[in-house]
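Please read them with the structure open.

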Amino acid sequence: MLRNRRRLVAWLLAGVVLAVVLTLYDADRTGVSDPKAAPSATPSQAPPGTATPAPTTTPDPSVTPSPTAPPATGEPSPAASATACTSPGACGYPDANSTGPRIALERHDTGNMSIKKDGTVIKGWDIRGSLDVYANDVTIIDSRITSTNWWGVNLRPGFSGLKVLHTTITAVPGKGPDNGGVNYAVSNMGGSSIEVGWCDISVFGNALSMGQGDLHDNYVHDLVAFRNQGGEWQHIDAVISGGGNKGRLTIRHNTLLNSTPVDKGATAAVGLFADTGVVSSVVVEDNWLAGGAYALYGGGPGATGIRVTGNVFSTQYHPASGAYGPVTAWNAGGAGNVWKDNRTSDGRPVEPAS
């Protein structure tokens, strides 16, 4: 009887121990090792040599993507043309950081210096004066010109091949010959194209003046108003062409600013005028344009072969880019005239008035 009682107690104890073991095992299996119950504090590691896939995320529809800057050159993509731009430099256009000389300069008090030797190269000069070019294939590079003359650099008729690159061209306000004013940072009086690129240009009333040329990656800004010798406010333009040109004028990827008030002579950021003949063969592409009475004068009724594409008409001075609007004198029916993918700096499309 006693033996049977001891045997029963042993079986009962064995059952209790078994129940406890099973309970602990089930808790360990369904609680501690279950990632839904207790997520791991450290990520699992893949075996050596095995690539770990990147986690996927679902975009938050409440977050607005940041604007994308337009390409540095060429026509902007359709996506870029719909985005807003805050400033030229922030949106890939030239400014003080991307233009002007790249090397240390040596001062040269030249006065009005005439260049008469073909192939002359001026590099690393800090010029107090101006350059009058009576030669072919002259290059001015990595320099600074501070003028009190009518111009900074002037190419005379009959000569060609001028290049002005990585150069700052400015003047002393109130010290110029035109009743204290100065007129042309770079003037092309020759009959062929010149190149002006990566230049920082300021003060001059009509900064870049020519009928044919390749103007690219320049920063034109802070043009200074003045009354000319006739007593009238001088017309102020960042780029000006008077028509009658025989070659092509290309204006590509520049920052062209005209902050001058309209009542003090502001005309345009780009002024294509039929003053001396019909305006033709002009490309205005991928520029930042701001200011003037109108930011762009398009050449007038007879203009042909004018391509205006991918430009930003900035509202930094006026809500409509120019005081009276972004563009005037556009000849929509002119042969070869193209208007495409132009927009304001806040992303609105720009179309000429019909």
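**Notes on the predicted model**

1. The largest nonpolar core contains 53 residues, and Leu162, Ile251 and Leu256 have the most contacts inside it.

2. Ile251 deserves a look of its own. Setting aside neighbours within four places in sequence, Ile251 is in contact with Leu215, Val239, Leu256, Val270, Val282, Val283, Val284, Glu285 and Asn287. One of these partners, Leu256, is also listed with Ile251 among the residues with the most contacts inside the largest core.

3. For the overall make-up, the protein has two helices and 26 strands. Of its 354 residues, 47% count as buried. The accessible surface is about 17800 Å², and carbon and sulfur atoms account for 56% of that area. Among contacts with a separation of 6 or more, 63% are between residues 24 or more positions apart.

4. An open sheet is built from nine strands in the order β2-β4-β7-β10-β13-β16-β19-β22-β25, with parallel pairing. β2 (121–123) and β25 (338–340) are the edge strands; each has a single partner strand, so one side of each lacks a neighbour in the sheet. From one strand to the next, the twist averages 5°. In general, the strands of a sheet pair through backbone hydrogen bonds, in either a parallel or an antiparallel way.

5. Within this sheet, strand β7 (residues 163–165) and strand β10 (residues 195–197) run parallel and are joined by three bridges. Val164 stands opposite Val196 of β10.

6. Strand β21 (residues 294–298) pairs with two strands that can be checked here. With strand β18 (residues 266–272), β21 pairs in the parallel sense over three bridges, and Leu272 has Gly298 in β21 as its bridge partner. With strand β24 (residues 325–328), β21 again pairs in the parallel sense over three bridges, and Tyr297 has Thr328 in β24 as its bridge partner. β21 is mostly covered, with four of its five residues buried.

7. Is Thr170 buried or exposed? Thr170, in strand β8 (residues 168–171), has a relative accessible area of 7%, and therefore counts as buried, the cut-off being under 20%. Its side chain makes a polar contact of 2.9 Å with the side chain of Ser202. Apart from residues up to four places away in sequence, Thr170 touches Arg144, Ile145, Thr146, Ser147, Ser202, Val203 and Phe204.

8. Pro173 lies in the loop between β8 and β9 (184–188). Pro173 and Thr148 are 25 residues apart in sequence, and their C-alpha atoms are 8.2 Å apart in space. Not counting residues up to four places away in sequence, Pro173 touches Gly180, Val203 and Val224. Val203 is also touched by Thr170.

9. Ser345 sits in the segment after β26 (343–344). Its relative accessibility is 6%, so Ser345 counts as buried. What does the side chain of Ser345 reach? The side chain of Ser345 reaches the backbone nitrogen of Thr315, at 3.1 Å.

Methods
Residues numbered from 1 in each chain as written. Predicted model: local features only at pLDDT ≥ 70, side-chain atom pairs only at ≥ 80, totals over all residues. Heavy atoms only, no water. Buried < 20%, exposed > 50% of the residue type's maximum accessible area, 1.4 Å probe, protein only. Polar contact = N/O pair within 3.5 Å; in protein donor to acceptor, adjacent residues only side chain to side chain. Contact = heavy atoms within 4.5 Å. Pairing = 2+ DSSP bridges. Axes fitted to C-alpha atoms, helices over the stretch in contact; angles between N-to-C directions. Core = buried A, V, L, I, M, F, W, Y, C linked by side-chain atoms within 4.5 Å. Areas by Shrake-Rupley, 256 points an atom, 1.4 Å probe, with all protein chains shown as cover.
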